[in-house]
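Here is a short walk through one model. Keep the structure open as you read.

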Amino acid sequence: MQEAFTALLLLLGGGLMLIAAIGALRLPDLLTRMHATTKAGALGASLTIAAVAVHFADVEITARALVIIVFIVLTAPVAAHVIGRAGYFVGVPLCDGTVKDELRDRYDPESHVLDSGLTEDSKRRR
């Protein structure tokens, strides 16, 4: 039973990482690629590490696996956000099908200043 559950976790993790790789190859621009690779990649890696914890069934290995999973879940979205933001600020083009660009009117590419959208009156109230 334990081997079957380990195999299931490995197959799910590998499948999700395959989906992340396909997304990185097939999606049209940086931001959508970051979205696919972050979500599917982080979940796939977490499932693979969970499979290791199930396979060895040791308290020390399970604790390490949980710490690694927490680290991946906490850092992957932040890293993707920072990379996507840097890509946007250096002018990586968005795909033609992009409908919404909330930073377009708030970011000045000449001075690299990002306006928060708050007015002076609302800033004083804070």
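Partly exposed is the middle class of relative accessible area, between buried at under 20% and exposed at over 50%. Glu 60 has a relative accessibility of 47%, so Glu 60 counts as partly exposed. Arg 64 reaches 54% and therefore counts as exposed. Bear in mind throughout that the model is predicted.

These two residues make a pair. Side chains of opposite charge can pair when their charged atoms come close. Here Arg 64 forms a salt bridge with Glu 60, and the closest N and O atoms are 2.9 Å apart. The structure holds one salt bridge. Both partners sit in helix H3, four residues apart, so about one helical turn separates them. An α-helix has 3.6 residues a turn, so residues three or four places apart point the same way.

Now step back to helix H2. Helix H2 covers residues 30-56 and has 27 residues. From first C-alpha to last, H2 reaches 38 Å, close to the 39 Å expected at 1.5 Å a residue. The buried residues of H2 include Met 34, Thr 38, Gly 41, Gly 44, Leu 47 and Ile 49. Several alanines are also on that list, among them Ala 36, Ala 40, Ala 42, Ala 51 and Ala 53. What covers these buried residues? The cover includes H1 and helix H3 (59-89).

Ser 46 is found in helix H2. Its relative accessible area is 9%, so Ser 46 is buried. Leaving out residues up to four places away in sequence, Ser 46 touches Ile 69, Ile 72 and Val 73.

Turn to the H1 side. Helix H1 spans residues 2-26, and Leu 10 is found there. The C-alpha atoms of Leu 10 and Ser 46 are separated by 9.9 Å, although the two residues are 36 apart along the chain. With residues up to four places away in sequence set aside, Leu 10 touches Thr 48 and Ala 51. Ala 51 is one of the buried residues of H2. Leu 10 itself has a relative accessible area of 41%, so Leu 10 is partly exposed.

Leu 12 also lies in helix H1. Its relative accessibility is 45%, so Leu 12 counts as partly exposed too. Together with Phe 5 and Leu 8, Leu 12 forms a nonpolar patch on the surface. The three have about 280 Å² of accessible area together.

Follow H2 to its end. Just after H2 comes Ala 57, with a positive phi of about 50°. Ala 57 is a residue other than glycine with a positive value. Ala 57 lies in the loop between H2 and H3. Is Ala 57 buried or exposed? The relative accessible area is 59%, so Ala 57 is exposed.

Finish with the aromatic rings. A pair of aromatic rings is described by the distance of the centres and the angle of the planes. The structure holds three aromatic pairs. Take Phe 89 and Tyr 107: their ring centres are 4.3 Å apart and their planes lie at 15°, so this pair is stacked. The pair links distant parts of the chain, with Phe 89 in helix H3 and Tyr 107 in strand E1 (residues 107-108), 18 residues apart. Tyr 107 counts as buried because its relative accessibility is 9%. Tyr 88 joins in as well: ring pairs link Tyr 88, Phe 89 and Tyr 107 into a cluster.

Methods:
Residues numbered from 1 in each chain as written. Predicted model: local features only at pLDDT ≥ 70, side-chain atom pairs only at ≥ 80, totals over all residues. Heavy atoms only, no water. Helix = DSSP H or I, 4+ residues; strand = E, 2+ residues; numbered from the N terminus. Buried < 20%, exposed > 50% of the residue type's maximum accessible area, 1.4 Å probe, protein only. Contact = heavy atoms within 4.5 Å. Expected span 1.5 Å × (residues − 1). Patch = residues over 30% accessible without salt bridge, like charges linked within 9 Å, V, L, I, M, F, W, Y side chains within 5 Å. Areas by Shrake-Rupley, 256 points an atom, 1.4 Å probe, with all protein chains shown as cover. Salt bridge = Lys/Arg side-chain N within 4 Å of Asp/Glu carboxyl O. Phe/Tyr/Trp six-rings, centres within 6.5 Å; stacked < 30°, edge-to-face > 60°.
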